[in-house]
Amino acid sequence: MFSSEKRRPRVCVLTYTALTRLVRLAEGRLQDRADIVVDEYSLNDAVLHAYELHRNTHIDVIVSPASVAEQLRAQVDKPIVSIELSGVDLLFALQQASQVSARVGLVVHTEVLPDLDWLHGLLSVQLTHHTYRHMAEARERVLALADAGIEVIVGSSLVVALAEEHGLKGVLLHGIASVERALNEAITLAERAIRQEDRFDHLNMAFARLHEAVLTVDSQQRIMAINLPMARILGLEHVNPIGQRLSDLPGEVSLAGVLAGQDDDVDVVVHLSRGTFLMSRSAIQDRGGLTGAMLTLRDTSAIHRADTTIRSQRRARSLTARYSFDLITGTSPALERARAIAQRCARTSSTVLIDGETGTGKELFAQAIHNASARQRGPFVALNCAAFPESLLESELFGYDEGSFTGSRKGGKPGLFEAAHTGTLFLDEIGDMPLSLQTRLLRVLQEREVLRLGSNTPISIDVRVIAATHRSLPVRIAENQFRADLYYRLNILRMTLPPLRDRPEDVPALARQLFESKLRALGSALPAEPALLPLLPLLMHYRWPGNIRELDNLMERLAVFLLGTRDLDAIDYEGFLGETPELTELPSGEAGDGGQVDDERVIAAIRAAGGNRQAAAQALGISRTTLWRRLKDIDVG
C-alpha cells in the first residue's frame, strides 16, 4: 500500500482529433514532470469515455476542452481542468480563417464566450458567432452556418470535427500556450493529490496496526484512510473503499454532523449488524480549518479481553520475537540436527532447556521456537537471569503490589510471568539464578500461578518457559548451586546448540551475511563477498571461542577498518590482521612458519585468496617466503 518511492503524476487529456497535435507537442515539453495519456475519441462516445475514466483509478486529473468539461464533472469523481480560451489564441485563429474566406463563423461553448468588441477594429472579415451548451447544439450551430454559406468555422476541437464532417474548413481556436497552461495546472493538482495520498498512505499504515476500527474522511465524506477491522464492520473487506462516500453507508456511522461543526462524540454505544461498539467521532483540523473527520469503533467484547491482556503489556521492547527458523543461517549437519529438534519442540507447549556455549544463538532459537508454535501471537518475553541482583530479579519475575517495599511504584507492577501470559518466557542464563529464587520459580512451574511480592492473591498464568544456559546444570547441582527438582522440571525437552568450531562449513555464509549488514549500516557500498574472500580460509580455520557473537564483532571490526575504502585492490589485509592477531595465532600442535603445510591446503588458500599470495600466506600462518618456496614445487592451477 505504501511505497518509499514517490510516484509520478498521471494526467489524462481527453481530445478530439484537431486538438491532439497540440497536446502531443505540449506533452513533449512536460514529460519530465508527469505521465500524460492522450485519449482521443470520436464525436459520439464522449459519455462512454467519461464512464471509463470514472472507473480508471490510475488517473489523477483529467484535462478536456470546455465543451465536455461540464459533462465530465457531472459524471466523473476526479478533478477536471478545462483548456481555456485566450484572446491571443482567438485572434490568431481568426486571422488564419480570414486567409480562407472573408466570411468566418465562430462557434464557442457558453462557458468560454469571449468579449468580441475589441476584435471589430482588428479584423477585415465578416464574423458570425454562436454559442452552444452541448454537442447537439454545437451540431445545430455548425449546420446553420453552413446553410448561410459560410465556408470556414473557428471553434473547439469538437466544432472543428463537426465542421469537417459537413465539408467545411475548421480552424482550432486553441493555441499551444493554452494547452500548456491547462496541463501545468493539471500536473500541479495531481502533485498536490499525491502529497495528500502519501499522507493518507502513512495513516493507512498506522491504522493497519491498530486493533480498533478506524477510518478518516475528507470534507466531502469521502473515505481517505481505513483499516481492516473497520472495513469488516462496514462490510467493505472485499472492495476498495478508498474514495467511497461514507454517506452511502449506514446512518449510525455518519460523520456529517461532525463536518457540519457539531461537537465530537466520545464512547457512544451503537448497535450495528456486526456487533455492539463504542463509537467516537471527531473533527480533523488543519491550519485552523476543518478538513475532515475520524470515526473509531471499539468492540465491547474486545475491551473486556483487553482488560485481561493489559497486565502483560509491560515492556514493548521485550514482547516480540523477531527471529524465525528461516533466519537461522547454516546448512551444516550439526546445525540441521539442532534445527530439527527445535522444530519438534515448537509443536508442543512443553518446557524446553537449551544449552550451549556463549554466543551460539540460544535466544535466536528460543524466538524461532516461539514463532513456529501455537503461541506465536502471544508475547515473547526475555530475561537474563545473570543480569540482575537477586532483589531486583525477584520483582522483575514475579512483580509486586503497591507498598510492598520502599520505592515501589504506585499501583504495583506486574512481573514478567504476567507479561508473558499466553506466550513464552525465555529465561537466559538460568544456571546463574540465585537458589532462593529457584524455589519460587519451581512453584510457578508446578502450580501455573504467580504470587506478587507483598500480595496474598495468586494470579493464574498460561506461560511456556524456555530456559537456556552455558553452564553444566548437573555440575551446578553437584556443587549445591542448582536445585535438582528444578532441573528435572526444566529438562523436559532438551537441545544442545553446536559451537561454531564444530560447523566450520557455516562460517562463510554467516560471515558474508554479518559483514554485508555491517557495511550497509555504515553506509559503505563496498561489495561484501569479494572483500571477505581472502579472509575466509582464516575464518574457517579459527576456533571461535566466542562463537557467532565473536564472529559478529569481528565483521563489525572489519567493516569499520574498511571505512573510506572504495577499491577492493586497496584493501590492506595485512594491516587488518595486525589489528586482529587472534586470527593468525595457530593453536598448539599446528604448523607454524617452519612447519609442514600440505599441498592441498596451499592450493585451497591460494584459490580462496583469489591469487593474493600475501593473504594466502597469512591464512596458512606462514611467511610469503615459505609460501613462495612451496609454490615452486606444486602446480596451483
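This report walks through the salt bridges, ring pairs, helices and nonpolar cores of a predicted model.

## Ground rules

Because the model is predicted, local features are taken at pLDDT of at least 70 and side-chain atom pairs at pLDDT 80 or more, while totals for chains, interfaces and linings use all residues. Residues are numbered from 1 along each chain as its sequence is written, and side-chain values use heavy atoms, with hydrogens and water left out.

Helices (H or I, at least four residues) and strands (E, at least two) are DSSP runs, numbered from the N terminus. Buried means under 20% relative accessible area, exposed means over 50%, and partly exposed is in between, with a 1.4 Å probe and protein chains only.

## Salt bridges

Side chains of opposite charge can pair when their charged atoms come close. A salt bridge here is a side-chain nitrogen of Lys or Arg within 4 Å of a carboxyl oxygen of Asp or Glu, and the structure has 27 of them.

Take Arg281 and Asp265, whose side chains meet at 2.7 Å, N to O. This pair ties together distant parts of the chain, with Arg281 in strand S12 (residues 275-286) and Asp265 in strand S11 (residues 265-272), 16 residues apart. Arg281 is buried at 16% relative accessible area, whereas Asp265 is partly exposed at 23%.

Next up is the salt bridge between Asp462 and Arg375, at 2.6 Å, N to O. Asp462 counts as partly exposed, at 36% relative accessibility, and Arg375 as buried, at 12%.

Asp485 and Arg483 make another salt bridge, at 2.5 Å, N to O. Asp485 is partly exposed at 35% relative accessibility, and Arg483 is partly exposed too, at 27%. Then there's a network of salt bridges that links Glu212, Asp267 and Arg298.

## Rings and a charge

A pair of aromatic rings is described by the distance of the centres and the angle of the planes. Rings of Phe, Tyr and Trp (its six-membered ring) pair if their centres lie within 6.5 Å; planes under 30 degrees apart count as stacked, over 60 as edge-to-face and the rest as tilted. That rule gives 5 aromatic pairs.

One of them is Phe380 with Phe426, a stacked pair with 6.3 Å centre to centre and 20 degrees between the planes. Phe380 is in strand S15 and Phe426 in strand S18 (residues 424-428), so the pair links distant parts of the chain, 46 residues apart. Phe380 is buried, at 1% relative accessible area, and Phe426 is buried, also at 1%.

A charge sits over a ring if NZ of Lys or CZ of Arg is within 6 Å of the ring centre and within 35 degrees of the ring normal. Arg440 does this with Phe398, lying over its face at 4.1 Å from the ring centre.

## Two helices and a buried threonine

Helix H1 (residues 17-30) has 14 residues, and its end C-alpha atoms are 20 Å apart, in agreement with the 20 Å it should span at 1.5 Å a residue. That expected span is 1.5 Å times one less than the number of residues. Buried positions in H1 are Leu19, Thr20, Leu22, Val23, Ala26, Glu27 and Leu30.

Helix H24 (residues 613-620) is mostly covered, with 6 of its 8 residues buried: Ala615, Ala616, Ala617, Gln618, Ala619 and Leu620. Gly621 follows H24 and has a positive phi, near 75 degrees.

Thr351 is in the loop between helix H11 (333-345) and strand S14 (352-355), and it's buried at 4% relative accessibility. Contact means heavy atoms within 4.5 Å; leaving aside neighbours within four places in sequence, Thr351 is in contact with Arg448, Val465, Arg489, Leu490, Ile492 and Leu493.

## Nonpolar cores

A nonpolar core is a set of buried Ala, Val, Leu, Ile, Met, Phe, Trp, Tyr and Cys residues joined through side-chain atoms within 4.5 Å. The largest has 31 residues, and Leu397, Phe417, Leu425, Leu427, Ile430, Leu441 and Leu490 touch the most other members. At least two residues each come from S15, helix H13 (390-398), helix H14 (416-419), S18, helix H15 (435-447), S21 and helix H17 (484-490). H15 gives the most, with 5 residues.

Not counting residues up to four places away in sequence, Leu397 touches Leu383, Gly415, Leu416, Phe417, Leu425, Leu427 and Met433. Another core, of 29 residues, lies apart from the largest one, and Leu519, Leu536, Ala559 and Leu577 are among its members.
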